[in-house]
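Me: I should like to understand the terms used for this protein chain. Please set each value against its definition.

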Amino acid sequence: DQAVHRFGGAVGRAPGVEVGQERVAPLFQGPAQTRNFEDRAGRQSLDEVLGQGSMGTVWRGHDLNDGSPRAIKVLKPELTNDKGATRRFIQERDILMTVADDAVVRVTDMVVESSTFAIIMELVDGPDLAHVLESMPDHRLEPATAVCLGIEVCQALTAIHRVGIRHLDIKPANILIEDREEVRGARITDF
């Protein structure tokens, strides 16, 4: 019997469930474990760690059905029993699902599999602004570039404010840059 969990439209399977020829859980335990799982849209694969924060790990992944790239944020295992942490994680997904703006990273799904929580997002294949600044002479942008990025960030903040949300952690590390060569295409994330 396969126990299926539903939360806000997301579907997941209980640990130990066989999906095809692969074992779905335990998930995300290390290189020896399977790094594939199912969401509503199909099967996802975790390919490499992009970064880690206080709440979880963000992976570069891809959809096993069509190969499209994804960013997959997985809640830290030690936080899955913390009701406050899981509520904030779920709220982040809900927030990002309500905002439709090119300057905000889009969420496509959420997976809840027993004690595993994962947010499936579009992949912004570029550095964050903190890394861009570290690589610049004097750690500064050219004035025209700074103005353009500022406008893009303000556009994103306006979009989220329209739906009644405040981003309480705007900082260079939470601003992704789509075009690393021209340093443009700011996208905010990590609510």
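Me: What makes aspartate 82 a cap of the N-terminal end of H1?
Reply: A side-chain oxygen of aspartate 82 lies 2.9 Å from the backbone nitrogen of glycine 84. A polar contact is a pair of N or O atoms within 3.5 Å, where within protein one must be able to donate a hydrogen and the other to accept it, and residues adjacent in sequence count only if both atoms are side-chain atoms. The model is predicted, so local features need pLDDT of at least 70 and side-chain atom pairs count only at pLDDT 80 or more, while totals for chains, interfaces and linings use all residues. Residues are numbered from 1 along each chain as its sequence is written, and side-chain values use heavy atoms, with hydrogens and water left out.

Me: How do you know that the span of H1 agrees with its number of residues?
Reply: The expected span is 1.5 Å times one less than the number of residues. For the 16 residues of H1 this gives 22 Å, and the end C-alpha atoms are 22 Å apart, so the two agree. Helices (H or I, at least four residues) and strands (E, at least two) are DSSP runs, numbered from the N terminus. The protein chain has 3 helices and 12 strands.

Me: Why is arginine 187 called buried?
Reply: Buried means under 20% relative accessible area, exposed over 50%, and partly exposed in between (1.4 Å probe, protein chains only). Arginine 187 has 3% relative accessibility, and therefore counts as buried. This residue belongs to strand S12, residues 184-188. Its side chain reaches the backbone oxygen of valine 104 at 3.3 Å. Contact means heavy atoms within 4.5 Å; leaving aside neighbours within four places in sequence, the contacts of arginine 187 include Asp102, Glu122 and Glu178.

Me: Which residues of H1 are buried?
Reply: Among them are Gly84, Phe89, Ile90 and Leu96. In the protein chain, buried residues make up 47% of the 191 residues.

Me: What makes a set of residues a nonpolar core?
Reply: The set must consist of buried Ala, Val, Leu, Ile, Met, Phe, Trp, Tyr and Cys residues joined through side-chain atoms within 4.5 Å. The largest such core has 38 residues, of which Leu129, Ile177 and Ile188 touch the most other members. Helix H3 supplies the largest share of this core, 6 residues. Apart from it lies another core of 7 residues, including Trp59 and Ile120.
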